[in-house]
Amino acid sequence: MRITEAAKRLGMSPRMLRYRESLGLLPPVREQGAHRRFGDDELAAVAQGVELERRFDVSPAELAFALRVLSEPAVAQAVRELGIRIGRLQAPRRALDFEKEKALRLLRTSGPTSASNPPKGDR
């Protein structure tokens, strides 16, 4: 089916459907004359995107960016770094950091031994 009929079935305008396409929220299916044809799979994909937007209160552009974060490791890393910097994410703990923290805890709890540091009155 053509875009006008697909938009009508989805309850949106053809312009909104084209906008979603420009964001990469439609499966890439075109016929030879460069006109987009919509089948059941394409309609279901658009409906799933609309449902995600409603459920998580995001715009089509935000959903498109989320897909980009999931598919491009460099973008995911940049977003993760920002999240750490602004305090929305915790930095991943490395094994050496864990061992360092463990050693510092042990030093704090054990304190100095009595043989190496006798009480001041016994000196």
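Biologist: How do the residues lining the largest pocket divide into nonpolar, polar and charged?
Modeller: In this predicted model, the lining of the largest pocket comprises six nonpolar residues, one polar residue and two charged residues.

Biologist: Which residues are they?
Modeller: The lining of the largest pocket consists of V69, A76, V79, R80, L82, G83, I86, R88 and L89.

Biologist: Which helix gives the most to that lining?
Modeller: Helix 5, which covers residues 73–85, gives the most, with five residues.

Biologist: And what is the volume of the largest pocket?
Modeller: Its volume is about 260 Å³.

Biologist: What about the second largest pocket, what volume does it have?
Modeller: The second largest pocket has a volume of about 190 Å³.

Biologist: Which residues line it?
Modeller: The second largest pocket is lined by R20, G24, L25, A45, V46, Q48, G49, L52, L63, A66, L67 and L70. By class, eight of these lining residues are nonpolar, three are polar and one is charged.

Biologist: Changing topic: which residues make up the largest nonpolar core?
Modeller: The largest nonpolar core has ten residues, namely I3, A6, A7, M12, L17, L26, F38, L43, V46 and V50. Helix 1 (3–10) and helix 3 each supply at least two residues of this core. V46 belongs to this core and is also listed in the lining of the second largest pocket.

Biologist: What is A6 in contact with, leaving aside its neighbours within four places in sequence?
Modeller: With those neighbours left aside, A6 is in contact with M1, L17, F38 and L43. L17, F38 and L43 are, like A6, members of the largest nonpolar core.

Biologist: Now the backbone. Which residue other than glycine has a positive phi, and where is it found?
Modeller: D57 has a phi near 50 degrees, a positive value in a residue that is not glycine. D57 is located in the loop between helix 3 and helix 4.

Biologist: Is D57 buried or exposed?
Modeller: D57 is exposed, because its relative accessible area is 71%, and the cut-off for exposed is over 50%.

Biologist: Finally, where is confidence lowest and where is it highest?
Modeller: Confidence is lowest in helix 6 (residues 95–110), with a mean of 78, and highest in helix 4, at 96. The protein as a whole averages a pLDDT of 85, and 83% of the residues score at least 70.

Definitions and conventions:
Residues numbered from 1 in each chain as written. Predicted model: local features only at pLDDT ≥ 70, side-chain atom pairs only at ≥ 80, totals over all residues. Heavy atoms only, no water. 1 Å grid on protein atoms, 1.4 Å probe; cavity = no way out; pocket = protein on both sides within 12 Å on 5 of 7 lines; lining within 4 Å. Points joined across faces, edges and corners; volume = space filled by probe spheres on them. Helix = DSSP H or I, 4+ residues; strand = E, 2+ residues; numbered from the N terminus. Nonpolar A, V, L, I, M, F, W, Y, C, P; charged D, E, K, R; others polar. pLDDT = per-residue confidence, 0-100. Core = buried A, V, L, I, M, F, W, Y, C linked by side-chain atoms within 4.5 Å. Buried < 20%, exposed > 50% of the residue type's maximum accessible area, 1.4 Å probe, protein only. Contact = heavy atoms within 4.5 Å.
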